[in-house]
Structures are given as C-alpha cells and as structure tokens.
Amino acid sequence: MNGPLIVQSDKTLLLEVDHEQADDCRRAIAPFAELERAPEHIHTYRVTPLGLWNARAAGHDAEQVVDALVQFSRYPVPHALLVDIAETMDRYGRLTLSKHPAHGLVLTTTDRPVLEEVLRSKRIAPLVGTRIDPDTVAVHPSERGQIKQTLLKLGWPAEDLAGYVDGEAHAIELAEDGWALRPYQKQAVENFWHGGSGVVVLPCGAGKTLVGAGAMAQAKSTTLILVTNTVSARQWKHELVRRTSLTEDEIGEYSGTRKEIRPVTIATYQVLTTKRKGVYPHLELFDSRDWGLIVYDEVHLLPAPVFKFTADLQARRRLGLTATLVREDGRESDVFSLIGPKRFDAPWKEIEAQGYIAPADCVEVRVSLTDAERLAYATAETEEKYRFCATTDTKRKVTEAIVRRFAGQQILVIGQYIDQLDELGEHLGAPVIKGETSNAQREKLFDAFREGEISVLVVSKVANFSIDLPEATVAIQVSGTFGSRQEEAQRLGRVLRPKSDGHQAHFYSVVARDTIDQDFAAHRQRFLAEQGYAYRIVDADELLAES
Amino acid sequence: MDRMSTEDRPPAPRSLAEALRGRDDVSLGGLLRSRPDLITPVPTDLTQLATRAGTRASVVRALERLDRFALQTAEALAVAADPATYDELLGLMAGDEADPAVVAALPHALDTLREQALVWGGDDRLRLVRTARELLAPAPQHPSPTGLGPTVQEATAGMSPGRIQEIVVAAGLPSTHDSVSAVTALSGLFTHRKRMAALLAGAPADSLEVLERLVWGPPYGQVTPDPAPRLRWLLDRGLLLPTAPGTVVLPREVALHLRRGLAHRTPEPVPPVVEAAAVHRPQVVDSTAAGQAYTALATVEELLKDWDEGGPAVLRAGGLSVRDLKRTSVALDASEPVAAFWVELAYAAGLIASDGEADERYAATPEYDEWRELPAAERWSRLATAWLAATRTAGLVGGRDAKDRTLSALGPGLDRSAAPEVRHRVLGLLAGLPEGAAPDAGSVLARLRWERPLRGDRREDDLRGRLAEWALSEAELLGVTGRGALSAHGRALLGAPAAPSGPGEAPSGPGDKLPVHHRPAPPRARLSPAEQAVASAAAVRLLTPLLPEPLDHVLLQADLTAVAPGPLEKHLADMLGVLADVESKGGATVYRFTPGSVRRALDAGQAASDLHAFLTAHSRTPVPQPLAYLIDDVARRHGQLRVGAASAYVRCDDDAVLSEILADKRAAALGLRRLAPTVLAAQADPAGLLEGLRAMGFAPAAESAEGDVLITRALAHRTPPRSAPEPVPDGPPVPDDTLLAAALRAIRAGDLASTTPRKPGTAPTAGGELPRTGSAETLATMQAAVLTGEAVWIGYVNAEGTASQRVIAPIRVEGGFVTAYDHTADEVRTYPLHRVTGVAELADDAG
C-alpha cells in the first residue's frame with residue numbers, strides 16, 4: 001500500500017514521479033490514461049472512455065487496467081470506479097463493421113440486445129439497410145464514417161474491420177543514408193500499419209514527420225498529407241525530399257498560393273476549409289486522385305469541416321499525427337471514430353533522454369508601466385489596451401539588458417508590433433525581419449545569423465512563422481500572444497535547441513505588470529509548467545540592477 | 001417424537017389465561033419480550049394479560065412478526081379442527097409424504113407460536129387464539145393464504161335437509177334421518193383417503209379437471225343456473241357446494257384430499273440461504289471499506305464546509321428544497337439520492353440542524369466542531385452508530401407521501417420505524433456469512449421476506465425490501481461494508497461475533513441449515529448504549545490502522561499547484577483550503593494557487609511572510625519561485641485601496657476648522673473621522689450632521705452629489721392622485737317612518753301571540769330517555785351481547801349531534817366500533833363506540 005499512484009474521484013490519476021515504482025506505473029497506465037500535466041513532482045493522467053477504448057483497440061483488457069490501478073495505487077481504489085472501467089471497456093467490440101461477401105458493408109454484433117438498442121436509435125436508422133440476420137445489419141457504404149461517429153456518441157464504439165482500398169500505387173522508399181528511423185518511430189509505423197488506421201502520439205520534436213514518411217514507404221501509394229499551415233507544408237516537403245526516394249516534382253503543394261496535385265500532395269487545413277458561396281471549392285481534392293493514404297498532421301488542431309470530409313474517406317487508410325489527443329474543442333471522440341484509435345504513444349521521458357527535446361529555462365520578466373503609461377492604459381479602448389501595455393518603454397531597457405547578459409550567444413528577439421521592433425533594432429544595432437522584408441534579404445540575414453556573423457536578430461510575428469527560422473539559444477519575446485498555447489510551446493521547442501556544448505536554452509518573455517499582458521503570460525506559463533518547463537518570474541528592476 | 005406428554009403435567013388448561021398461568025417466568029419473559037405491547041401498560045393479572053394478548057391489534061402485531069414457516073403453521077392450525085392434535089397439524093404441514101424438513105422444523109415453529117401466546121394447550125389439544133383464528137381462517141371476505149375453502153359443515157349450513165340427503169345418496173352413502181349426521185357422514189367420506197379415492201376414481205375426466213383448477217385456491221368458482229354435466233357430477237356428490245347463487249366452493253376436506261393433506265402448496269420450513277455472490281480477501285474488503293469510510297468522513301466534512309457560512313434555507317414545511325439538494329449534490333459530486341444520504345447522515349449524527357432564526361437556515365451544530373477534533377476512526381464510528389439507529393430514511397427523499405407531497409431531505413415524513421431493525425437484520429445476515437463474502441442482494445431480500453412475510457411483499461410498496469436495499473447501499477457508502485462484504489470494523493460495530501471462517505462451518509444441506517434459522521438471530525436487534533459504546537470502541541480499534549495517517553506536508557509545483565498525497569492534518573488542510581482552490585479530490589487533494597485564492601488568505605489576516613513560512617514549513621520540496629512570486633505580487637497590491645462606509649461627509653478648505661470640529665466633544669455622536677486634511681467622514685446621516693454642526697455653532701451648507709450647494713426649502717411632499725375615503729357608517733342606515741311603523745306593528749303582533757295563556761299539554765313519556773352507561777360498561781355489555789347474540793338498546797348521538805335510540809344486535813366489537821344489525825333501521829350498521837351514550841339490555845317483554 002505504498003504505490004506511486006493516487007486515484008482521484010474525478011478519474012484523474014496522480015503519479016508521483018520521484019517514486020521508485022513510477023516508471024513501471026507509468027508504463028502500466030499509459031495505454032489507457034492520457035497524460036494531462038507533467039510538472040516536476042506529480043504527473044496527472046486522466047482516464048476517459050476514449051482512453052479505455054483506445055486501450056481495448058490496442059489489445060488490452062479491463063483486467064489489465066484494473067490490475068494496473070490496484071497494483072500501483074497508494075489507497076484503495078473505489079470499487080465503483082473499477083466497475084465503471086470494466087463496464088466501459090466492455091462496450092468496445094460488441095459491434096463490428098466488416099465486409100460481407102454478399103451484402104457489402106455490414107454491422108455485426110456479439111450481443112444481440114446491443115444491436116437492438118442501437119437500431120432503435122433515430123440517428124442510426126437512416127444509416128443502415130436491411131437486417132440480414134438477427135446479429136447482422138447492412139450499412140450503406142457511404143455512411144461508414146457517419147455510423148462510427150454516431151455509434152460512439154451512443155456509447156457503443158464499433159470496431160472497423162472492413163478493410164481499405166489500396167489506392168493508386170506509387171513507389172516510395174525511405175532513403176536511409178546515414179540515418180535510420182529511430183526504434184520508437186519504427187514501432188509507431190508498424191503499429192499503425194497493423195491497426196489499419198489510427199493516431200500516433202509523439203511529443204514535439206520527436207520526429208513525427210518521419211513516422212509519416214515511414215508509413216508512406218509502407219503504403220507505397222499516392223498520399224494526401226493535411227497540415228496546419230504553409231510553413232508546415234514546406235517543412236514536410238523538405239523533409240520528404242531529404243528522407244525518401246521522392247523528388248521535388250513528385251510532391252505537390254496545395255495551399256492558398258499554389259494548387260498542385262501530384263502523387264504526394266500536401267494541403268493545408270486552411271485551403272480545404274475555405275468556403276466560397278456556401279460551398280467548399282477545394283473539397284474535390286479528396287477525389288482528385290485515388291489516394292491510398294491520408295496523413296493528418298497535428299490532429300488535435302484538425303478543423304471541424306475536415307472531420308466532415310473525413311467521414312466519407314473511411315475506405316482509405318488514415319494516419320493521424322499529434323503531440324496530444326487533448327483538443328481544446330473537445331472533439332476527441334471524432335478523432336477516435338473517424339481517424340482511428342491511438343496506435344502508438346511514446347513515453348516522453350525516453351525520448352527526452354535521447355536529447356531531442358530539452359526543457360528550456362523560461363523566465364518571465366515583469367516590467368512596471370510608468371505613471372503616464374498607466375493612465376494611458378487605464379483610459380485606452382479595450383482593443384487598444386494590449387498594444388499599450390505590450391509596447392511600454394521599459395521593455396526596451398530590459399531587452400537590452402538581457403542581450404547584454406547573453407552577449408556572444410545567438411539571440412532572437414520576437415515581437416508583434418513593428419514600431420516596437422524597429423525601435424529595438426535601432427537600439428540593439430540588430431537587423432529587423434518583418435513581413436515586408438524580401439525573401440532574399442531574409443535568407444541573407446538568416447544565413448548570417450546561422451554562421452554567427454550577427455548574433456542578435458529581431459523578428460516579427462510574420463517572420464517568426466517562416467520555416468527556416470534559424471535555431472537560437474536565447475529567445476526574447478517582447479509582445480505577441482501567438483495563437484494557442486500548444487502552438488506556442490511547439491514553436492518554443494523548435495527554436496530552442498540545446499547547443500552541442502550543453503548550453504541551456506533560455507526563453508525570456510517580457511511582460512507588463514498588472515495588465516492583460518500579464519494575464520496572457522499566466523496562461524502560457526501554466527501550460528509551460530504543465531509541460532514540464534521550469535520557469536521563473538523576475539522583476540525588471542532586479543534584472544536591471546544585476547547587469 | 002415425544003412431545004410434551006400430558007401425563008406428568010397438571011390438568012390441561014382450559015383457557016389461554018390458564019395456559020399462561022402454567023408457564024414459568026422465563027417463558028413469560030420470552031412472551032413479553034417478543035410482544036412488548038402486552039406490558040404497556042403493565043397488566044394487573046394474567047387474565048388481563050391473556051385478554052390483551054387476544055385483542056385484535058396485538059394479535060395482528062404478533063402475526064406480522066412471525067417468520068414464514070411459523071405463520072404457515074398458524075395458518076394450518078386455523079384450518080384445522082379446534083382444538084387440533086399435533087399429528088393433525090403435522091399432517092397439514094408435512095402432507096401424506098411427511099416431508100422430513102417439515103417434520104424437523106414443525107416443533108420449533110409450534111414452540112414459537114406457543115411462546116408468543118398465539119397457540120396454547122398441549123399437543124393433544126392445540127388451540128390457536130381465537131382472534132388469530134378469525135384472522136387466518138378462510139372466509140369469503142379474506143381468502144386464506146392456504147387457498148382452502150370452508151368445511152363441508154360450514155358450506156352446508158344453510159342448505160335444505162332434502163338437498164343434503166340427495167347429496168349423501170349420490171355420494172354413495174346411506175341416507176340418514178337428519179342433516180347433522182348426514183353432514184358428518186359426508187365429511188367422514190371426504191376425509192377418508194381410500195374411500196375418497198374410490199369415489200373420485202369414478203369421476204369423469206373433465207370433472208377432475210375442474211377440481212384440479214380449484215384445488216390450490218381460490219376455491220370459489222362461478223356456475224350458470226344450468227351447470228354443465230361435469231359440474232353437475234361434482235355438485236351432485238357434494239364435491240362442490242353452492243355458497244351463493246351462481247357460486248360454488250370446493251369444500252376444505254375435498255381440497256385437502258386432493259392436496260395429499262397439505263395445507264400449503266409449498267411449506268417453507270427452511271429459511272432461504274443468504275448466498276454469497278462473491279468472496280473477496282478479507283484484507284481487500286477491510287481496506288476498501290476503510291477507504292470508503294474515509295471518503296464518507298471527507299464528504300461529510302465537505303458538506304459542512306459548503307454550508308459553513310450559512311447553509312440552505314429551511315422550507316416552510318421543513319426540509320431542504322429540491323434546488324438546494326441539487327446544488328449540494330453538485331458540490332459533493334454525487335447523485336441526488338446519495339447527496340440526500342450524506343445530508344441525512346450528518347443530520348442523524350447531530351452535526352447539522354436548523355438554526356431556528358426567523359430566516360431559518362441549516363447550519364453546523366457546536367457538536368460538529370467537537371466532532372472535527374476527534375480522530376478519524378472515532379468520527380466514523382459516530383456517524384456509523386448514528387446511522388445504525390436512525391429511523392430517518394434518506395432513500396425516501398424525492399418520493400411522495402400519502403398526500404402526494406414531495407418528501408424532502410431533512411424534511412418531515414422520513415421516519416420509518418422499521419428502518420433500524422431492517423438495517424440490523426441485513427447486517428446481521430451479512431455477519432452470518434464467512435469473512436469477505438459479499439451477499440447476493442436477491443437472496444438477502446428473500447430471506448428477509450421469509451422472516452417477516454406479512455411485513456414484506458404483501459404491501460404494495462414493499463417498504464422492508466426497499467429498506468433492505470438502502471441498508472446495503474448505505475452500508476457500502478459508509479464503509480461498513482467493502483465490495484459488498486461486511487468489514488471487520490463493521491462487524492465489530494454491530495457487536496457481532498467473529499465470522500464463521502472456514503467453509504466447513506457454513507450450512508451445506510437442508511438439514512444443516514435448520515440450526516442457522518433457529519439459533520437466536522445474531523446479533524440482537526439493538527445493543528444497549530453501553531454495549532454499543534463497547535462495540536464502537538472495538539470498531540475504532542480495528543479501523544484506526546486502516547485509515548491513512550494524516551500528512552503534514554504537500555508537494556508544491558511550478559504550475560502553481562500543491563498536491564497533498566493523502567489526507568492532511570486538520571490545521572494544514574484548513575489553511576490550504578483558504579490559500580488555494582481545491583481542484584481535484586480523492587485519495588489525494590490537488591490545490592491550485594490563484595491570485596484570488598492568495599488574496600483570500602491575505603483577507604483572512606495572513607501576511608505574505610506568514611504564507612511563505614507556512615509553505616516552506618509544509619512543502620517537502622523547495623517552494624517554486626513562481627509561487628513565491630505570486631504571493632508577493634498579490635501582497636504588494638493587497639490593501640492598497642481601502643473601502644469603507646460613511647453616510648455623510650464634511651468638507652472644508654480650512655483644515656483648522658475641521659481640526660476644531662474633531663476636537664469638540666459634542667462631535668463625538670456624529671462619528672467623524674478624518675480621511676484627508678480637508679475631508680471628514682461621518683457615520684451620522686447628512687441631516688443629523690447638519691443639525692449637529694449647527695448646534696455646535698457652525699453654519700454648514702448641504703451639498704448635492706455633484707457638489708452644488710443645496711438650497712434648503714420646505715419640500716412639499718405629495719401623493720399621487722387619490723380619491724377621498726368612503727364613509728363607513730357604524731350600523732345600518734336610520735329607517736324612515738314608514739319602515740319604522742311597519743316594524744313596530746309586526747313586533748306587537750308577535751308579542752301578543754306569545755303571551756296569550758294556553759291550555760296545558762300532555763307530559764313527556766319517561767321511556768323516551770336515552771340509556772346512559774359508562775364507556776367501560778358499554779363495551780362490556782356490547783361484548784357480552786356479541787357472545788350471546790342478543791339485541792341491546794342503545795342511545796346514540798350521530799355526527800350532527802342528533803340523539804336517537806336504536807335496538808341493535810352487535811356482531812363484532814373492534815377498533816372502537818361496533819358492527820351490529822340495527823333492528824331500528826333493519827340493516828347492518830357500524831357505530832363508533834364513543835358516540836354510544838349508553839346501552840341497556842332489552843326488557844324481556846320488549847322486542
């Protein structure tokens with residue numbers, strides 16, 4: 001009775017990471033519980049029906065889950081919770097979608113009352129055809145996605161064993177010259193292929209693109225890759241050319257600016273969800289080729305309309321890649337029913353140990369507004385408030401002090417407001433890259449930064465999105481909220497790589513005290529802390545006094 | 001079997017009173033213990049005790065407390081001859097095959113009935129108490145559970161002698177000269193197995209089918225005026241006897257023959273065994289129960305904390321509103337019935353009560369503060385003991401009472417006197433199982449029904465069954481049981497002996513089960529307060545090591561959470577509860593620090609340095625820098641702005657004047673305080689302040705909200721348009737002359753009529769007086785009249801207060817009513833005894 005795990009009444013599991021059995025426990029609960037927060041001492045996992053069904057889909061049974069909880073729990077696990085878990089897991093697999101030689105797609109059951117129950121639902125009735133025998137009912141092939149979605153909502157997730165179309169063949173090989181898929185990446189590809197369709201969960205920086213490439217080499221067919229934005233699309237293309245037998249010409253980009261359809265096509269969510277006159281004009285992309293594989297990058301950001309299209313693509317293999325299954329809109333169930341169950345989940349710690357991801361030292365510097373600024377802030381219109389506090393003069397002084405402290409290291413200064421950046425560039429004697437900077441100029445400055453010819457670069461939010469933003473060891477964020485919290489963390493991970501000499505990376509955000517700037521920062525910090533990034537808060541005065 | 005041979009006994013008792021007189025003190029003590037209603041008040045002698053034991057209410061109570069087999073035995077006696085012999089009874093219970101289980105169990109059942117004074121007399125003359133016989137014997141109004149009909153003698157009572165003779169002849173008996181001997185002969189034939197078999201052997205197959213349908217009851221059937229041949233055959237031979245036009249009955253003797261002597265279709269001599277649905281390791285059971293016990297404590301504390309600053313309002317009818325219960329259930333993260341249970345539990349333990357203020361609310365009692373100081377196990381035992389004895393049943397909450405009012409938690413109408421007894425019994429049954437065995441709920445219910453058949457499924461709402469189900473689920477919630485099995489501390493709490501451990505001791509065959517049933521039910525239904533205290537202490541001893549030790553530390557994390565990996569010491573939990581918000585509960589507690597929560601702690605009088613010291617002292621890990629920063633940051637701004645209330649102010653550009661006012665003693669009443677050099681705040685209202693300052697010799701001017709000087713002038717206050725009130729005269733209007741004259745004339749005429757002397761009339765007859773007797777005499781006379789079947793003369797006052805006299809022939813006296821044939825009205829009527837002013841026997845010449 002001294003295990004590392006504590007089961008809470010809200011079905012969260014608290015894991016004491018410093019406990020000697022913590023590793024075993026983590027391995028035991030990872031298949032069915034989602035890691036929600038990973039601060040320094042206690043990690044929080046959550047048990048959800050989807051998590052339990054994911055575990056079922058991966059071949060675990062209720063007994064294993066219950067055993068894991070009972071074995072590692074510090075206190076007696078409420079009986080009701082165990083019963084609930086067993087009952088929930090038992091619901092998966094009672095219904096199966098499969099191919100019938102004579103009737104096409106059919107829904108079969110091992111438990112007749114369940115079939116009776118779901119068939120009585122008004123939402124299921126229009127999706128099914130004739131009753132073939134007491135345990136089998138025909139399903140319209142076009143409703144394969146819809147019925148899975150609806151069944152999940154009814155609490156009876158169906159196992160999809162109906163198979164896939166092969167799609168148009170296209171030779172793709174991994175070009176493993178001087179590098180190889182890491183063992184966990186291989187495992188992920190294997191699990192995915194074996195499971196048919198599903199989601200691979202890997203932390204940021206763990207090489208999700210390579211898992212995608214591996215899956216493509218396995219499928220050897222035309223592939224549609226859906227990514228979040230153009231930057232990401234370019235990065236995918238770059239990686240695929242480098243890592244596989246594919247050439248530039250075989251890979252098309254389908255975005256706002258370019259509309260290429262090639263054997264491997266990378267499309268952005270944005271272009272797909274563009275709506276003109278009430279229709280989605282780019283929807284035909286899905287039918288433009290006989291795709292054999294569809295890859296969804298960053299599944300947790302998948303926009304709602306894409307789900308709708310995906311429902312019609314159930315006969316094609318689908319691979320979802322993400323760092324987290326938690327969606328801010330709560331549509332995890334659609335990911336489960338339409339893309340597939342979780343097929344692979346890598347333990348964060350193991351990948352971290354390989355040195356590919358490393359927590360940066362995050363520091364929040366609080367600056368005070370001057371009295372005049374405070375008055376201006378208090379009287380500003382709501383939409384102007386952020387600008388007022390984000391561009392306070394004190395921030396410049398603090399930024400200069402930080403730059404001085406890390407003199408000699410590669411420093412990026414990131415901001416949102418051009419005036420502020422121009423001013424900073426002037427004071428720091430550093431070049432500024434903003435939206436209007438030409439590509440050639442950008443390229444030149446980036447190269448110079450990489451080579452170490454210039455050590456400080458001021459970039460705007462726009463430039464910040466650029467694919468080839470060089471790596472740095474210090475980043476100073478003076479303004480800007482940068483979309484969702486996850487996006488922020490991912491960007492952080494990308495920009496801040498530990499140097500080969502073991503220098504720790506630093507991330508400073510300069511925040512105006514007692515303003516909404518601070519509120520935004522609080523959200524961000526919570527997320528960072530939950531991801532295991534340690535952070536500190538210092539006063540600008542202290543920092544200025546030190547230097 | 002050598003049953004109470006009569007030889008070495010005094011002569012057989014002739015009445016229940018005599019039978020009681022023959023019993024020793026132990027046996028009488030048993031009677032009084034099982035029927036406590038007999039000694040409230042204490043009877044003066046055994047005759048009175050016997051009389052009381054024979055009253056209908058008391059007999060009904062006693063019958064309701066019988067188990068199924070004892071009841072079946074009583075029912076069998078009710079259809080047997082009076083008196084009956086033991087062998088006759090055995091025949092009815094065990095049947096011709098003499099079921100060994102029944103043979104074995106019957107003596108015990110009979111002893112039970114004897115002890116309860118429901119049966120008296122030796123084995124050769126067993127007599128069921130008359131009231132019990134009346135209650136249990138088959139009658140057209142209330143069919144017997146045996147499904148038997150009247151005897152041949154009863155059924156032929158109103159039959160013409162000619163018809164009886166026809167039947168006797170048709171049945172193949174010699175005709176006799178009188179009906180009585182004919183009926184006796186017929187009964188003799190029906191009760192003689194061989195001759196009866198021979199008679200039935202000649203019956204047409206479809207006639208036998210008819211008998212088959214009626215044999216297990218109900219014994220009544222409908223016939224047309226011209227019955228079918230198969231019925232005709234039966235009617236001719238008296239195998240069916242008419243009871244009313246169109247209705248026939250299967251005589252008891254015939255039914256018993258067809259049943260092979262059995263009074264009951266399924267005698268149930270053996271109580272249903274409580275089956276174990278699952279057997280867990282006792283350690284698992286105990287630790288699960290302990291975990292749940294801890295949760296129970298946490299939940300009750302949480303409930304009380306939720307209500308700490310004023311609980312929900314008390315409904316006018318008493319209790320908690322549905323909305324408040326819903327809110328509480330959300331706060332406790334439990335379903336509403338479960339939330340109702342916790343609320344009722346806290347109430348039963350005396351931890352919450354209504355505060356009795358004008359605006360009545362629920363609040364914690366001072367008892368609660370004492371309770372909180374106790375060690376966890378003792379806190380639990382307080383709750384569990386209160387639960388065991390409570391008659392309030394939370395399970396009823398949300399249901400409706402007889403008047404269709406919703407039953408609310410903490411409200412009236414939740415008391416069910418049977419609840420503690422059922423609770424004890426259910427837990428007692430659990431205690432009878434081997435350690436770690438969780439019972440099958442169905443078998444527990446079946447057993448309870450067997451033990452109190454008249455109290456169980458007969459009632460439409462099956463209260464006992466529901467009480468038992470609630471007892472099981474509540475025991476689990478409270479941690480008395482774990483995984484359905486009685487925990488060691490639960491067992492100790494009941495004062496129950498240690499469980500039968502090995503499976504060898506568990507009952508295995510029908511014979512083996514008998515001792516289980518007839519062993520006095522362990523444990524006794526109620527422990528005395530002293531015994532309960534001992535039992536509680538034992539439970540506390542067992543539970544204490546199972547409960548988690550309170551921790552004195554938490555883990556602080558950079559995401560501004562604190563995790564308490566177990567229950568915290570009280571002062572630590574209290575402090576953290578103020579300083580941080582609870583985010584998740586269970587085995588551990590997750591607290592989150594927010595600017596709001598830190599501010600709350602500062603508001604509560606803590607200084608930032610106190611908070612730092614507190615966190616450093618109780619954190620096992622270094623205090624994360626962001627958390628320390630958060631506290632300082634909130635403290636920096638805390639109290640920067642000050643808010644207070646004032647009702648008026650004094651403003652003056654010359655601070656010397658204000659200083660002067662402040663220094664003046666007369667200003668004390670105005671409650672002045674200097675906020676700034678030129679501003680004073682006052683507690684007095686502006687008018688009072690003006691007046692006060694003027695009295696001190698100043699000449700203040702009033703100021704409007706905008707700072708303008710107000711010009712003082714008498715403001716005329718006006719209402720909205722109103723109409724003048726209508727005059728309300730003191731009496732009717734003064735009459736005019738015409739009316740007055742007419743009225744006077746009428747009065748005089750009436751006066752003349754009443755004062756005119758008239759001739760004397762006839763004197764009232766003495767016989768018209770109502771009889772007057774005391775209530776005791778009334779009752780006695782009535783009861784005597786029931787026995788003698790004589791008519792009496794009563795005085796009666798009806799509901800409107802009208803007195804009348806009636807001649808009635810009482811049939812039944814019970815429950816304060818007399819049912820009688822009323823000769824005056826020529827019908828059967830029921831009169832409340834308290835309205836009968838008196839009773840007199842009829843003079844012989846009357847009637």
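**Close-ups of chain B**

**View 1. Two strands side by side.** In this predicted model, strand β20 (residues 803-814) of chain B is joined to strand β21 (residues 817-822) of chain B by 6 bridges, and the two run antiparallel. Look for B:E814: the residue standing opposite is B:F817 in β21(B). If you're wondering what holds such neighbours together, strands of a sheet pair through backbone hydrogen bonds.

**View 2. The whole sheet.** Zoom out and you'll find 5 strands of chain B forming an open sheet, in the order β22-β21-β20-β19-β23, with antiparallel pairing. Which strands stand at the edges? They're β22 (827-832) and β23 (836-841) of chain B; each has a single partner strand, so one side of each is left without a neighbour in the sheet. On average, neighbouring strands here are turned by 45 degrees against each other, direction ignored.

**View 3. A helix across the strands.** Helix α34 (residues 775-788) of chain B lies across β19 (792-797), β20, β21 and β23 of chain B. Compared with β20(B), helix α34 runs at about 60 degrees.

**View 4. Where chain B touches chain A.** Here 22 residues of chain B are in contact with 26 residues of chain A. On the chain B side, the elements giving two or more residues are α16 (282-306), β12 (555-557) and α30 (625-637). α16(B) gives the most, with 4 residues.

**View 5. A residue in a loop.** B:I39 sits in the loop between α2 (25-34) and α3 (46-53) of chain B. With 13 other C-beta atoms within 10 Å, B:I39 counts as partly exposed. B:L49 is 10 residues away from B:I39 in sequence, and the two are 8.0 Å apart in space, C-alpha to C-alpha.

Technical notes: Residues numbered from 1 in each chain as written. Chains lettered and ligands numbered in written order. Predicted model: local features only at pLDDT ≥ 70, side-chain atom pairs only at ≥ 80, totals over all residues. Buried ≥ 20, exposed ≤ 12 C-beta atoms within 10 Å, placed from the backbone. Pairing = 2+ DSSP bridges. Axes fitted to C-alpha atoms, helices over the stretch in contact; angles between N-to-C directions. Contact = placed C-beta atoms within 7 Å.
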